[in-house]
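Here's a walk through one model, with the sequence and the fold side by side. Keep both open while you read.

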Amino acid sequence: FKNITNIMTTIGDCILYGASIELLVMAAFGIMLLGAIFAARNDADVTQTGLCWMLANCLCTSGYVLYLKYATKTVKLSKFGMVFYNNVLCSCFLLPVTMFNGELSMFLNTSALHTVDYAVKNWFAGFVGFFLNFASLNCVAQTGPTTYAMIGSLNKIPIAIFGYLIFDNDISPETWRFICVSLCGGILYTVAKLRASRRKSRS
């Protein structure tokens, strides 16, 4: 279901920024969407509330990526400054939520979380997340929202494989099929983009 974000982003990219959609790109999105449907068809925990939240997630993610392209062109800040203010704004929204849910008080009252080991791991996670945002910003600026959305879908493949190798997580046959189908979609998208770049260089 999350792959619907790619379709929304691609449509927005065409409407807002005049991007062109090639037939191979549409086929790649179709293959990846089909793989996701096959992977989730046995999911028995689907509810209307869950679908509504997932749709809201897709809309917000797509809107964020599309605005990111606009911001890289119009906001008079360096890439570092954009990432910094992006994280600061996230803190302004997340802090009231954590206070409302009681997570902040739970953190302050749980002594097991006040250790050097926990602090180092959280610092490392924040450090990696900062540069992840930096990489995302540069990806959108150099390529476009559609390519960024496609790469975001393909990153589930190495996550699933590393989870299987490092944490010994079980991967069902349906998930392996989804990985193979998504990989085929990613290869097809890469071929489409390479063909498009060759045509541009010739012209």
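S62 sits in helix α3. Helices here are DSSP runs (H or I, at least four residues), strands are E runs of at least two, and both are numbered from the N terminus. With a relative accessibility of 4%, S62 counts as buried. That label means under 20% relative accessible area, while exposed means over 50% and partly exposed is in between (1.4 Å probe, protein chains only). Setting aside neighbours within four places in sequence, S62 is in contact with T5, M8 and T9, where contact means heavy atoms within 4.5 Å.

D13 is another buried one, at 7% relative accessibility, and its place is in helix α1 (residues 4-17). Not counting residues up to four places away in sequence, D13 touches G18, A19, L66, P145 and T146.

## What you're looking at

This is a predicted model: local features need pLDDT of at least 70 and side-chain atom pairs count only at pLDDT 80 or more, while totals for chains, interfaces and linings use all residues. Residues are numbered from 1 along each chain as its sequence is written, and side-chain values use heavy atoms, with hydrogens and water left out.

## The chain overall

The chain has 9 helices and 0 strands. Its C-alpha atoms fill a box of roughly 60 × 50 × 35 Å along the principal axes. Of the 203 residues, 23% are buried. Take the contacts between residues at least 6 apart in sequence: 82% of them join residues at least 24 apart.

As for the surface, the chain exposes about 13900 Å², and carbon and sulfur atoms supply 70% of that. Those areas come from the Shrake-Rupley method with a 1.4 Å probe; for residues, only the protein chains shown count as cover.

## A nonpolar patch

Which residues make the nonpolar surface patch of about 780 Å²? They are Y67, Y70, V75, L77, F80, F84, Y85 and V88. A patch is built from residues with over 30% relative accessible area and no salt bridge, joining like charges within 9 Å and nonpolar side chains (Val, Leu, Ile, Met, Phe, Trp, Tyr) within 5 Å. A salt bridge, in turn, is a side-chain nitrogen of Lys or Arg within 4 Å of a carboxyl oxygen of Asp or Glu.

Helices α3 (48-74) and α4 (79-101) each supply at least two residues of the patch, and the largest share, 4 residues, comes from α4. V88 is in helix α4 and, at 34% relative accessibility, is partly exposed.

Helix α4 also holds F100, which is exposed, with a relative accessible area of 74%. F100 and T5 are 95 residues apart in sequence and 29 Å apart in space, C-alpha to C-alpha.

## Aromatic pairs

The whole structure has 7 aromatic pairs. Rings of Phe, Tyr and Trp (its six-membered ring) pair if their centres lie within 6.5 Å; planes under 30 degrees apart count as stacked, over 60 as edge-to-face and the rest as tilted. Y67 and Y70 make a tilted pair, 5.9 Å centre to centre with 40 degrees between the planes. Both lie in helix α3, 3 residues apart, about one turn of the helix. Y67 is partly exposed at 48%, and Y70 is partly exposed at 44%.

## Cysteines

How many disulfides are there? The count is 0, with a disulfide taken as a pair of cysteine sulfur atoms within 2.5 Å. C90 is in no disulfide, and the nearest cysteine sulfur, that of C92, is 9.1 Å away. C90 is partly exposed, at 36% relative accessibility. C184 counts as partly exposed too, at 46%.
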